[in-house]
Amino acid sequence: MVFKKGNPGCPCCPCPCYYFEGSGKDSLGNKRLTESGTLYSTTSSQGSQSARFTGSSYFQREKHSCFSPYGHTTWTISFDMKIVTEPDLPQSQAMGLVTRGAWDGDPPAGTMSGEWAIIYEHQETGNTVYFILKTDSTTNVLHGLALNASSGTGTSAFNTISWTIGTGTASKVVANGTEYTNNYVGSLVYGNDDLYVGNNTDGLKLGEGSGEILIDNLCFSVT
């Protein structure tokens, strides 16, 4: 295993991007994601297609240092998301957008195992997307965003989202050009969980309940 000088925590530098052009390959041309019944859409924010979720498919990848803020000065995950059709109401369990943990409950209330999770739950009004980080002392529900079928402003009306865990206890989300900041409580820990795209293993797969949601341009970076 070869580590890049100056970034000893990441054995595959640069960290991967997933463009969902088929076969689960990342930007380096490697097959990095395991597909489970995956679907694709020709509506995309980058390239020719995106990953399409209608309640049964998901991607999975074993743990990797690039997928964790632990041990890095800054860690950023970014992706584009388009809600084509909102799932049926009422919805009492959360769906996984991108996770390294499992959320059980109706956000912002609930419990989590694992390290972090970005989850979605269709609500008639209010926040629908939550950014959750578990530390050695508590579960931090750091940000909540009201994203829906008409909120996208990026290419092909995708929502553009990034989440950065930075120096100290800083957490920052940028969604469609608007920045949200918060601080987490406790110290970062490294989890033993796989990365999932489109699945909350203690809740629902993305799009369950007659929904259709697209994800594209999923990238990780660390310093």
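**Exercise 1. Strand β12 and its neighbours**

Task: In this predicted model, find how β12 pairs with strand β13 and over how many bridges, then describe the pairing of β12 with strand β11.

Solution. 
Step 1. β12 and β13 (residues 178-183) run antiparallel and are paired over six bridges. Within this pairing, Lys-172 stands opposite Thr-181 of β13.
Step 2. The two strands make a hairpin with two residues between them. Asn-176, in that turn, has a positive phi of about 50 degrees.
Step 3. With strand β11 (residues 159-165), β12 pairs in the antiparallel sense over five bridges. Ala-175 in β12 is the bridge partner of Ile-161.
Step 4. β11 and β12 also form a hairpin, here with four residues between them. Its turn holds Gly-168, whose positive phi is about 65 degrees.

**Exercise 2. The seven-stranded sheet**

Task: Give the strand order of the open sheet of seven strands and name the strands at its edges.

Solution. 
Step 1. The order is β2-β5-β14-β7-β8-β9-β10, and the pairing is antiparallel.
Step 2. The edges are β2 (34-36) and β10 (139-145); each has a single partner strand, so one side of each has no neighbour in the sheet.
Step 3. On average, neighbouring strands of this sheet are turned by 30 degrees against each other, direction ignored.

**Exercise 3. Salt bridges**

Task: Find how many salt bridges the whole structure has, and describe the burial of the partners.

Solution. 
Step 1. The search of the whole structure gives three salt bridges.
Step 2. Arg-52 is bridged to Glu-212, with the closest N and O atoms 3.0 Å apart. Arg-52 is in strand β4 (residues 50-53) and Glu-212 in strand β15 (residues 212-222), so the pair ties together parts 160 residues apart in sequence. Arg-52 is partly exposed at 26% relative accessible area, whereas Glu-212 is buried at 18%.
Step 3. Arg-61 and Glu-62 form a salt bridge whose closest N and O atoms are 2.8 Å apart. Arg-61 is buried, at 7%, and Glu-62 is partly exposed, at 47%.
Step 4. Arg-100 and Glu-115 form a salt bridge with the closest N and O atoms 2.5 Å apart. Arg-100 is in strand β7 (residues 95-104) and Glu-115 in strand β8 (residues 111-120), 15 residues apart. Arg-100 has 0% relative accessibility and is buried; Glu-115 has 1% and is buried as well.

**Exercise 4. Nonpolar cores**

Task: Identify which members of the largest nonpolar core touch the most other members.

Solution. 
Step 1. The largest core has 42 residues, and Trp-116, Trp-163 and Phe-220 touch the most other members.
Step 2. A second, separate core has seven residues, including Trp-103, Met-112, Ile-119 and Ile-132.

**Exercise 5. Backbone exceptions**

Task: Locate the cis peptide bonds at Pro-90 and Pro-108, and the positive phi values of Ala-157 and Ser-210.

Solution. 
Step 1. Most residues other than glycine have a negative phi, and most peptide bonds are trans.
Step 2. Leu-89 and Pro-90 are joined by a cis bond with omega about 0 degrees; Pro-90 is in the loop between β6 (75-85) and β7.
Step 3. The bond from Pro-107 to Pro-108 is cis, with omega near 10 degrees, and Pro-108 is in the loop between β7 and β8.
Step 4. Ala-157, not a glycine, has a positive phi of about 65 degrees. Ala-157 lies in the loop between β10 and β11 and is partly exposed at 33%.
Step 5. Ser-210 has a positive phi of about 70 degrees. Ser-210 sits in the loop between β14 (195-197) and β15 and is exposed at 55%.

Definitions and conventions
Residues numbered from 1 in each chain as written. Predicted model: local features only at pLDDT ≥ 70, side-chain atom pairs only at ≥ 80, totals over all residues. Heavy atoms only, no water. Pairing = 2+ DSSP bridges. Axes fitted to C-alpha atoms, helices over the stretch in contact; angles between N-to-C directions. Core = buried A, V, L, I, M, F, W, Y, C linked by side-chain atoms within 4.5 Å. Buried < 20%, exposed > 50% of the residue type's maximum accessible area, 1.4 Å probe, protein only. Salt bridge = Lys/Arg side-chain N within 4 Å of Asp/Glu carboxyl O.
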